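Here is a walk through one protein model, from a helix pair to the loops. Keep the structure open while reading.

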Amino acid sequence: MYKYCSECGEKLDTWFADGSGWGVVTQCANCGNCYRNVSGDWDLPDTVNTISYNMFKETLLKAPNTCYDTDNPAFYFGTFNPIHNGHLYVAKQIENLGYNVIFVPAYDSPWKEVVNSFDYRAAMIYAVTPNICLIEKQLGTPSYSAQTVRNLLDEYKLDKINFIIGMDAFAQIDKWKSPDVLKKYCHFLVLPRDDIKLSFEDMQKDGWDFEYIKVKPYKLSSSMVREKISKGENIDKLIHPKVKKIIDVFSLYRKEEK
Ligand SMILES: [Zn+2]
């Protein structure tokens, strides 16, 4: 199956490179225009295996970060180890407010000993949405939000970054590296946490730019998902079926965490 570049008409012969339609990211060799499979209802094939995965990885990891609709982006940072229905629920709520949520997986993860290679975590995100930005891998470690923010401003040509953040993290934000950079260049979308009370008045007085997102806290974490997988429990209600498929194919998170 071939597609043609909408900019210059050149044949895009890597389109559907593995014949399955998943993991497709391609860039026109002639003009550099790039494409992702954004049909939204494509399926991971039953034959998904390490070969199609590697092909996917190669194309995904080479694609420019801005290779999709970036109108009014809101950046969702996290380890997404793995991405679960709580993340998707939050993203949906924020999209309902008119933002275009872009997942930004952290390169470094505190769960190094568990399967968490960046590429797998990115693959699981990409299985459910093309809106993924790999900038943290490109920047390497250690990764500081201020540094990521500066690079996002450049790459997406924005004046400010819409930064999705949990209230627990937001309450500590002045302890992060270079808080003045974050204060100047970020508009925070603050998600509620049951157990955290924060004085928004004080934050406002201190010059932080934010809005409070009214969503019901979703009581699910990636560590709960990992624990259930390691115990062989059913996780069908906690993660997207395409994410489950990748976890199954690559036997991710089978080992008990220490
Ligand atoms: Zn082209």
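**A pair of helices**

Start with α3 (residues 118–128) and α10 (residues 241–249): their axes come within 8 Å and cross at roughly 150 degrees. An angle over 145 degrees counts as roughly antiparallel. That makes α3 roughly antiparallel to α10. The crossing of α3 past α10 is right-handed. Now look at the residues in the contact. From α3 come Ala 123, Met 124, Ala 127 and Val 128. From α10 come Lys 242, Val 243 and Ile 246.

**The whole chain**

The model is predicted. The protein holds 10 helices and 9 strands. It has 258 residues, and 33% of them count as buried. Take the contacts between residues at least 6 apart in sequence: 69% of these join residues at least 24 apart.

Which residues of α9 are buried? They are Ser 222, Val 225, Arg 226 and Ile 229. They cover an arc of only 100 degrees around the axis, so they sit on the same side of α9. The helix repeat gives the background: an α-helix has 3.6 residues a turn, so residues three or four places apart point the same way. After α9 comes Gly 232, with a positive phi near 75 degrees.

**Helix α2**

Move on to α2 (85–96). Its 12 residues should span 16 Å at 1.5 Å a residue, and its end C-alpha atoms are 16 Å apart, so the two values agree. The buried residues in α2 are His 87, Val 90, Ala 91 and Ile 94. These residues lie on the same side of α2, because they cover an arc of only 100 degrees around the axis. The face turned away from that buried side carries the exposed residues Lys 92 and Asn 96. What lies over the buried residues of α2? The cover includes β5, β6 (100–105), β7 and β8 (186–191). Just after α2, Gly 98 takes a positive phi of about 100 degrees.

Step back to the loop between β5 (73–78) and α2, where Pro 82 is found. The peptide bond from Asn 81 to Pro 82 is cis, with omega near 0 degrees. Phe 80 lies in this loop between β5 and α2 as well. Its phi is positive, about 50 degrees, although Phe 80 is not a glycine. Most residues other than glycine have a negative phi, and most peptide bonds are trans. Is Phe 80 buried or exposed? The cut-off for buried is 20 or more other C-beta atoms within 10 Å. Phe 80 has 22 C-beta neighbours inside 10 Å, so it counts as buried.

**Helix α5 and what follows**

Now turn to α5 (145–156). It has 12 residues and reaches 16 Å from its first C-alpha to its last, close to the 16 Å expected at 1.5 Å a residue. Ser 145, Thr 148, Val 149 and Leu 152 are buried in α5. Seen down the axis, these buried residues fall within an arc of 100 degrees, so they line one face of α5. Their cover includes β5, α4 (135–139), β7, α7 (179–185) and β8.

Lys 157 follows α5, and its phi is positive, near 50 degrees. Lys 157 is not a glycine. It lies in the loop between α5 and β7 (161–166). Is Lys 157 buried or exposed? Lys 157 has 9, so it is exposed.

**A contact across the sequence**

Finish at Asn 33, in the loop between β3 (25–27) and β4 (34–36). It is partly exposed, with 15 other C-beta atoms within 10 Å. Leaving out residues up to four places away in sequence, Asn 33 touches Cys 5, Glu 7 and Cys 28. How many residues separate Asn 33 and Cys 5 in sequence? They are 28 residues apart, yet their C-alpha atoms are 7.4 Å apart in space.

Conventions: Residues are numbered from 1 along each chain as its sequence is written. This is a predicted model: local features need pLDDT of at least 70, side-chain atom pairs count only at pLDDT 80 or more; totals for chains, interfaces and linings use all residues. Helices (H or I, at least four residues) and strands (E, at least two) are DSSP runs, numbered from the N terminus. A residue is buried if 20 or more other C-beta atoms lie within 10 Å of its own, exposed if 12 or fewer, and partly exposed in between; C-beta atoms are placed from the backbone. Two residues are in contact if their C-beta atoms, placed from the backbone, lie within 7 Å. The expected span of a helix is 1.5 Å times one less than its number of residues. The arc is that of the directions from the helix axis to the C-beta atoms. Axes are lines fitted to C-alpha atoms, for helices over the stretch in contact, and angles run from 0 to 180 degrees between N-to-C directions. Angles under 35 degrees count as roughly parallel, over 145 as roughly antiparallel, 65 to 115 as roughly perpendicular and the rest as oblique. A crossing is left-handed if the near helix is turned anticlockwise from the far one by less than a right angle, and right-handed if clockwise.
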